[in-house]
Every structure is written in C-alpha cells, then in structure tokens.
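Biologist: I would like to learn how to read a structure of this kind. Please show it, and then let us take its features in turn.

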Amino acid sequence: MRGMGKGISGVLATVMVLVLAACGSSGDNAPATGGETAEETKDTKLRIVWWGSQARHDATNKVLEIYTEAHPHITFEPDFSGFDSYWDKLATQSAARNAPDIIQMDAQYFNEYAGRNQLADLSSGINVDALDENLLAAGRYEDKLYAIPIGSNPFGIVYNQLAIEKMGLTVPEEWTWDEMFQLARDIQPKLEQGKYALRDFTVDGEVYEMFQLSKGKGPLAQDGELNLDAGVWQEWVGLFDELRQEGVVPPAEISVAEKKYDPQQDLLLNGTVLIKQSYASDFPAWESVQPGAFALAKAPRSEQAGGYVKPSMYWSVSAHSAHIEEAKQFIDYFINNEEAADVLGVIRGIPVSSDILTYLEPKLTEADKAQLGLINVTRPDANPFTVGPKGFGSFIVDFNKVGAELVFGRISAEQAYTDIERYWEADIK
C-alpha cells in the first residue's frame, strides 16, 4: 500500500507540474516575477498631463522613464503645456469624457472638476500617512478625496536680487505694501528706458487677494460667496493708477501681453520688471533661466500678514479612466518614493511627504532652500488657505480680464467692481 501511495503521489505531482506549465505559457495571463498577479502586469498605457516650465517637463519625463523601467507593463503618454492653454484643452477633453488618466490639478479648478463628477475618488490606494492634513484637506470635496497634493507652496514675491543690490538697495525679510511700493519708486530712476521696477498687479486677482487678506478682509471667496471689499478694491486700483502715471509699472500693452515662464515674454525673465508675484514652486523656472539672479520674499503685510500656504498643485485621476488603480499606484510612487524625489527635488514645491522632505533636506541646493525659506517665514502667521467654489478658476480669469480693461483706461474702478460682481454670478454655479 505504501508503494502504491508513492506511485499515485508521483503521478499527481507530474500532472500538477504539467498543469502549471500550461498555465504559465498562456502569454498575457502569465504571473509576473515578484508575486504580481496577471492583472497587475497587463500592459497599460497611462495618459498624463501637466503644465509648467521646461525644467518641470524634463524632471517629470525622467520620473516616468524610471517608473516604466521598474514596471515594464506601465508606459505613459505624456502631454504638457503652459498654464492657460492647459485648462482650455482639459475642459474640452473632460466634456467629451476623454480626459487623460492622470491630471495635474490646481486649486482654482479643483471644485469645478470634482463637482462635475469628473474626478475619481482617491480615498484609498495611496499612502498619505506622511502628508500634512491641512494640505490634504484641500483635496477633499464633500468628504471624499479627489486630489493628492504634490507640493507645499506659499505665495509671495520674486525679485531680481542681483540687479537691486547693484543699485545699493535691498529687499527686507519682512515688509509692508507701502515699503514695497516705495522700493519700486526708489528703483525706477536707476533703470534705463523701457524697464520698470514692478509688475502691474491690477491684472492679477491672486495678488489683489493677498492685499485684501493683509487688510484683514478675508479671501475673495468666502463661504461660497464673493467677498470683494469695495474700500480695499478702490485703494488697490488707485495705487496702481498712480504707479502707472509715474512709470513705475509697465504700460497696459506690455502688462497684458505677458506669458508666464516664457523666457522672451515673461516680464521678469526678459528683464522688463524687477519685482513680481510668485509661488515658491515657480522659483526653479526663474532659476533655470538666470541662475543666482533671483530671490523670494514673503508676501507684504498691512494690518496683518498677506500670505498663505497652499498645495502647489495636485495629481487627480479622471473618473472615466479605465486604469484608476494603476494611476493611483503611480501617484503613490510619485509622492513617497526616494528615487522619484531625487529627480523631482522641489520642482513642484517643497515635497508634501514629511518623510521625503527629511530625506531630501541635506541634498537641497541654495535655490531649493529659497523655496523652503519662503515656507518657513510664511507659515507662522499665514492666512488659512481656502479652495474657491466650483467655477472659481473661470472667475479668476474673468477677474483678470476686468483688470486689463482698467489698465487700458477703458472702465472706471466703480465699473470694474460691478463687472466683477457680474462675472461672479455668471461663473460660480
């Protein structure tokens, strides 16, 4: 009986080997090495989009290459552009349910896309244990997580430090709006014709919001309603009207034609102005064109601080993607993997993972430390960051259009205020 048992066992073992061999020879259904299932190793192409500078494009493409080397079944179809054209294209794709799988998202547009059920729920499948809860909260909509913050990003001022120091002038570490405007007036007589100390912020709603915050009047959008303080708005418009008349800011046709990040048409990069607004995450764009020329300063204050810290941007996933789980796995890698961090550095702002920041900190360059420095000086008295309601991104675009009409002198400050109210009603749905 014992001999028969051994014979039967041998036959069964042989049959099992043959069965397993047959399963293993079935092409796409073969299990991967390392314990991955057949489903996990199915060839997948992920469409991924982002906006930004060339430095950001190069770093992101490198991370995609590294990820594919480690996960050969995952390839990418990347697409990137400038900020303005990005949103026009994404809106068209999303309306046709043809949005890319992985989408770089901005706070201005987040509620709009989440509110239209165009983003996938990312509440599970991505390790967010090391992320700041305040930043993570900015990616939630109606108690679900639809966007993962990529970087921590204060809003402040960028300036041409080399040029200003050559004039014997300095930018203080803490300054008021009045001090900034006075510095611009001190700079202007030292500049050649066609150069200006300061960008005309009339055409930038985000900078106006920083001014209103510093006056203690809150953000532009508060509790889902427009919060444009009439007195502060009149003061702001009047200040820049004076600066235009004095020639401290560029004429209207120059201000409205600016293209951010473009070395030829960005007013800071082409040397037309010495001072303008910037998020910390923009700093690599300035630094890559003129290394060592620029520096970051804290947002000016009035009665209180004017700055805030927001997610520099997010990764979201299209609700209509056929590869949501694969997209989640990539996002997890992007924010938590040290190899990815070595490539990305602070190209999208200071890393949101405290573990990754600890890992990177000894490796930070002086330019990287400038970003971290702006966070460190902004955070202690920063205003709370609020995500605007659905349609807020479109409203800011229209707000800036009103500003353009103002700088050309086509409308009054009173008419501009009325137009902004009208755009709010049209844009916020």
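Biologist: What should I know before reading any values?

Modeller: This is a predicted model, in which local features need pLDDT of at least 70 and side-chain atom pairs count only at pLDDT 80 or more, while totals for chains, interfaces and linings use all residues. Residues are numbered from 1 along each chain as its sequence is written, and side-chain values use heavy atoms, with hydrogens and water left out.

Biologist: How many helices and strands does the protein have?

Modeller: Helices (H or I, at least four residues) and strands (E, at least two) are DSSP runs, numbered from the N terminus. The protein has 17 helices and 15 strands. Its C-alpha trace spans about 105 × 45 × 35 Å along the principal axes.

Biologist: What share of the residues is buried?

Modeller: Buried means under 20% relative accessible area, exposed over 50%, and partly exposed in between (1.4 Å probe, protein chains only). Of the 429 residues in the protein, 51% are buried.

Biologist: Is Tyr314 buried or exposed?

Modeller: Tyr314, in strand S14 (residues 314–317), counts as buried because its relative accessible area is 0%. Beyond its neighbours within four places in sequence, Tyr314 is in contact with residues including Ile103, Ala138, Pro149 and Val387. The C-alpha atom of Tyr314 is separated by 30 Å from that of Val273, 41 residues apart along the chain.

Biologist: Which residues does Thr44 touch?

Modeller: Not counting residues up to four places away in sequence, Thr44 touches His73, Ile74, Thr75, His323 and Glu326. Thr44 lies in strand S1 (residues 44–51) and is buried, with a relative accessible area of 5%.

Biologist: Where does Glu414 lie?

Modeller: Glu414 lies in helix H17 (residues 413–427). Glu414 is partly exposed, with a relative accessible area of 47%. The C-alpha atoms of Glu414 and Pro172 are separated by 34 Å, and these residues are 242 apart along the chain.

Biologist: How is empty space found?

Modeller: Rolling a probe the size of a water molecule over the atoms shows where empty space is left. On a 1 Å grid over the protein atoms alone, a cavity is a set of points where a 1.4 Å probe fits but cannot get out, and a pocket is an open set with protein on both sides within 12 Å along at least five of seven lines; lining residues have an atom within 4 Å of a point. Grid points are joined across faces, edges and corners, and a volume is the space filled by probe spheres set on the points.

Biologist: How many cavities of 30 Å³ or more are there?

Modeller: By this rule there are three cavities of 30 Å³ or more. The largest cavity has a volume of about 210 Å³. It is lined by 18 residues, and the closest to its centre are Glu209, Tyr308, Phe385, Thr386 and Phe392. Helix H8 gives the largest share of this lining, three residues.

Biologist: Which residues are closest to the centre of the largest pocket?

Modeller: The largest pocket holds about 1300 Å³ of space. Of its 50 lining residues, the closest to its centre are Phe83, Asp84, Lys260, Val397 and Asn400. Helix H3 supplies the largest share of the lining of the largest pocket, eight residues.

Notes
Contact means heavy atoms within 4.5 Å.
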